Each structure stands twice: as structure tokens, then as C-alpha cells.
Amino acid sequence: MDKDSEVSVSRRKLLLGGGAVLGMAAAGPVFAGSKHQHHHHGDMNDSLVTAALDCVAASQMCLAHYLAEFKKGETEMADCAQAVQESAAMCTSLSQMAALGSTHLSKVADACLSVCESCEKECDEFAKEHEVCKTCRESCRATIKQIKAI
């Protein structure tokens, strides 16, 4: 498979994966379908939840790319893969805490900010060569922006 077709497949998978994650997040209210009035305490965190989930989806695509590279014997991106895995874990926690409107959100957000900044830096090194790295870097930047807005 040539590099161009690999990138287009990765983009398609990223869009499908991100769409699935967002679709599941958006479906919650539909499945809840209650006849009584709901209080939406977490609405102010919607942008943060979306950014964090986008980061998780981009991280998963990036990790899949790294695994393919590792199978070829390419290990120069190992530190980046570690940073991306950490970012995916923290953004998962961040999205959950933000959706819940947790009183611990600021503590989780502070930790996530540091992890996302590290991931952004690592991905920046490979962003010119690999589209998935660029996408992951941009999703980290979006999450960082949302964290700083809270």
C-alpha cells in the first residue's frame, strides 16, 4: 500500500471513529427520552467534552499508525506513542469528568493540560511526515484551548 492510500484510509477511519464517538455522546439524551424536565448542569462543558473526545479518537488513529510502523521495525516514534497513549487516557477521564460537571474537574483538567502539551510537542516532531500525527497534534491544541477556557 503506498503512502497516499495509507493516509486516505487513516483519514476515513479517523472520521468514522470520531463520528461514532460523537454519535454515542449525542445519543445519550435521545435514549434518556424522559417526559420530565431535566437540569443540564454539564452544558457549560459541552465544548470541553467534544474536544476531549475528538482527542481520544485522534489518539486512537495515531496509535494504530504507530503500531503499523513498529511492525516495520520503525521505533523512532516510541516516545510519541507513549505521549499519545497518555493523552488518550487523560482525555477520556477529562471528558467524563466534564460531562458529569464534577467538582474535581479543575484538578483533572490541570493534569490533562500538562499531558496534552507533552503530546502536542511529541506529535509536532512528526506532523510534517504523517497526517495522523498532524491531526493528533491539532486535537491536542483544541483540547488545550478548551481547558484554558474553563
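**Close-up 1. Y66 and F70 in helix α2 of the predicted model.** Helix α2 spans residues 46–71 and holds both Y66 and F70, which are 4 residues apart, about one turn of the helix. Helices (H or I, at least four residues) are DSSP runs, numbered from the N terminus. The structure holds 1 aromatic pair. Y66 and F70 form this pair, which is stacked, with 6.4 Å centre to centre and 20° between the planes. Rings of Phe, Tyr and Trp (its six-membered ring) pair if their centres lie within 6.5 Å, and planes under 30 degrees apart count as stacked, over 60 as edge-to-face and the rest as tilted. Y66 counts as buried because its relative accessibility is 1%, whereas F70, with a relative accessible area of 30%, is partly exposed. Buried means under 20% relative accessible area, exposed over 50%, and partly exposed in between (1.4 Å probe, protein chains only).

This is a predicted model, in which local features need pLDDT of at least 70 and side-chain atom pairs count only at pLDDT 80 or more, while totals for chains, interfaces and linings use all residues. Residues are numbered from 1 along each chain as its sequence is written, and side-chain values use heavy atoms, with hydrogens and water left out.

**Close-up 2. The largest nonpolar core.** Of its 32 residues, those touching the most other members are Y66, V84, C91, L94, C119, C123 and I147. Two or more residues come from each of α2, α3 (78–100), α4 (105–124) and α5 (131–149); α2 gives the most, with 9 residues. A nonpolar core is a set of buried Ala, Val, Leu, Ile, Met, Phe, Trp, Tyr and Cys residues joined through side-chain atoms within 4.5 Å. Leaving aside neighbours within four places in sequence, C119 is in contact (heavy atoms within 4.5 Å) with A83, V84, S87, C136 and C140.

Close-up 3. A search of the whole structure finds 0 disulfides (pairs of cysteine sulfur atoms within 2.5 Å). For C91, the nearest cysteine sulfur is that of C116, 3.6 Å away. For C123, the nearest is that of C136, 3.8 Å away. C91 counts as buried because its relative accessibility is 0%, and C123 counts as buried at 0% relative accessibility.

**Close-up 4. S95 in helix α3.** At 6% relative accessibility, S95 counts as buried. A polar atom of the S95 side chain lies 2.8 Å from the backbone oxygen of T92. Not counting residues up to four places away in sequence, S95 touches V49, A52 and L53.

Methods: Polar contact = N/O pair within 3.5 Å; in protein donor to acceptor, adjacent residues only side chain to side chain.
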